[in-house]
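User: I would like to learn how to read the features of a structure like this one, step by step. Could we begin with the general idea each time and then turn to the case at hand?

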Amino acid sequence: MSSSGRESWNTRVGFIFAAIGSAVGLGNMWRFPYMVAENGGAAFVLLYVCLLFLIGLPVMVSEFVLGRGSGASPIPALSQPEQPSWRWLGVLFVASGFLILSYYSVVAGWTIQYLLDSLTGHLFTVTPEAYFSEITFGHSSFMFHLLFMVLTIGVVLGGVERGIEICVEILVPVLVVMMLFLVAWTFLLPGASEGYAYYLQPELQNLVQVYGIWGMEVPFLDLAMLGAAAGQTFFTLSLGMGAMITYSSYLNRERDLFQEGAIISLSDLTIALLAGLMVFPFLTAFGLLAHAEDHEISTLFESVHAAFSQIGGLGSQFFGTVFFATLMVAALTSAISLLEVVTSSLMDRYDLPRLQAAAGSGFLIFLLGIPAAYRSDWLAVADGIAANLMLLFGGLMLAVYVGWIMHDPERELSKGQQWNVSGLWLFCLRYLVVPVLFLLFVQNLYNVLWNVGG
Ligand code: PHE
């Protein structure tokens, strides 16, 4: 604890691991591969990498500036005496945390079921499609959603140093080792190279779409693909809902925020790319790519299940267990950050003890997730609204606030600074991030309304 009585990270590694743990999750391993399959393969990966650095990194640094500067969770961080009217943005962040965790926990619950059934070997006695449809929506999905929420609440109850920090310092290295192992294994699969090509060789014509404007045919970047890539960037970096504000509020002033942001973004990107290197060879080696392109949320689970079934016997059990344990760990370290946003906001705002704040909000989130445990269409809609609309809008408004409204944001960035990039950062935030995010948000909104309307 710091002298002010607010909790703080014990070590630098503690913060970096927690932030990486938040960033790396189902977004990298479950969402990313099906987004790539749905949006034209490597071209999507290329857009995502560009957006990660041009838009994601500046927004992440803004969250750090706000979080460390105020030393508070999102709602109080955005209700400073000079700008009290921005409080609503903090409230939006907490609402996004509620919505995301509610369905995230359902998918994370599936990973526990896959893990247990890999351990016992039951998983490999049923076909991937039958197993997926049996366990993912219904009572067992409900029970494991509950179990996962209880686990998440348990860690958050432990607090920043004893709960989150200890947990991520063990789990994040475990995660990386397990992933490297699996990537090495898939590399040896016959047919893996096609998967690499699909994933890593962009067909640049996929990036372009011809728009009819006033009777003319105008080729331009495919905005729908760009909008989906932006949603994915925000989701995977845990941006646009205050997770990074919250985590950096427990940070002291000796660190270079830009450097920390760069380390975290690069690590997240590396792990997302590794996840792709793991999943796409499975898809091509076992002929599942076409299936992935239209089966969205089941892509990862079914393909990995099919792949491991081919090994046979104890080998299936071993690889399955390692893989689903990896996935569950990744999901847990992300879920913790989602719940911490809500918990710390309630603690700061209403002076609640950690126990009540974490358990109470965790319970409400569990209730909100129940529909997603029973219906796949609900899950897909909640995910689309959260990532493509709420996170993007949250990120846009944050960039407007830090870039244009906040008084002297460069001052906080300059504390502990080793790389002198404040001017460049602010310039990017104002003239690149704000207009691009505005355009993409409008595009995604149009897409959602158009889809709903017909
Ligand atoms: N980044 C996490 C993932 O990729 C999800 C997440 C989103 C976590 C927003 C916190 C905030 O799985």
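Analyst: Let us start with burial: a residue is called buried under 20% relative accessible area, exposed over 50%, and partly exposed in between, with a 1.4 Å probe and protein chains only. Tyr-48, which is found in helix H3 (residues 42-70), has 0% relative accessibility and therefore counts as buried. Helices here are DSSP runs of H or I with at least four residues, numbered from the N terminus. Before we go on, note that this is a predicted model, in which local features need pLDDT of at least 70 and side-chain atom pairs count only at pLDDT 80 or more, while totals for chains, interfaces and linings use all residues. Residues are numbered from 1 along each chain as its sequence is written, and side-chain values use heavy atoms, with hydrogens and water left out.

User: Is Leu-391 buried or exposed, and in which helix does Leu-391 lie?

Analyst: Leu-391 lies in helix H17 (residues 376-405), and because its relative accessible area is 1%, Leu-391 is buried. The C-alpha atom of Leu-391 is separated by 20 Å from that of Tyr-431, 40 residues apart along the chain.

User: Where does Pro-190 lie, and why does Pro-190 count as exposed or buried?

Analyst: Pro-190 lies in the loop between helix H8 (160-187) and helix H9 (192-200), and Pro-190 counts as exposed because its relative accessibility is 67%. Although Pro-190 and Pro-281 are 91 residues apart along the chain, their C-alpha atoms are separated by 8.7 Å.

User: How should I read the backbone angle phi, and what is phi of Ser-238?

Analyst: Most residues other than glycine have a negative phi. Ser-238 has a phi near 55°, a positive value in a residue other than glycine; Ser-238 is found in the loop between H10 and helix H11 (243-248) and, because its relative accessibility is 9%, counts as buried. Asp-351 also has a positive phi, of about 60°, although it is not a glycine. The place of Asp-351 is in the loop between H15 and helix H16 (354-374), and at 69% relative accessibility Asp-351 counts as exposed.

User: How many residues surround the ligand, and which helices supply at least two residues of the shell around the ligand?

Analyst: A residue is near a molecule if one of its heavy atoms lies within 4 Å of it. Here 14 residues surround the ligand, and the closest are Ala-23, Gly-27, Tyr-104, Phe-235 and Ser-238. Helix H1 (12-23), helix H2 (26-38), helix H10 (223-236) and helix H15 (313-350) each supply at least two residues of this shell.
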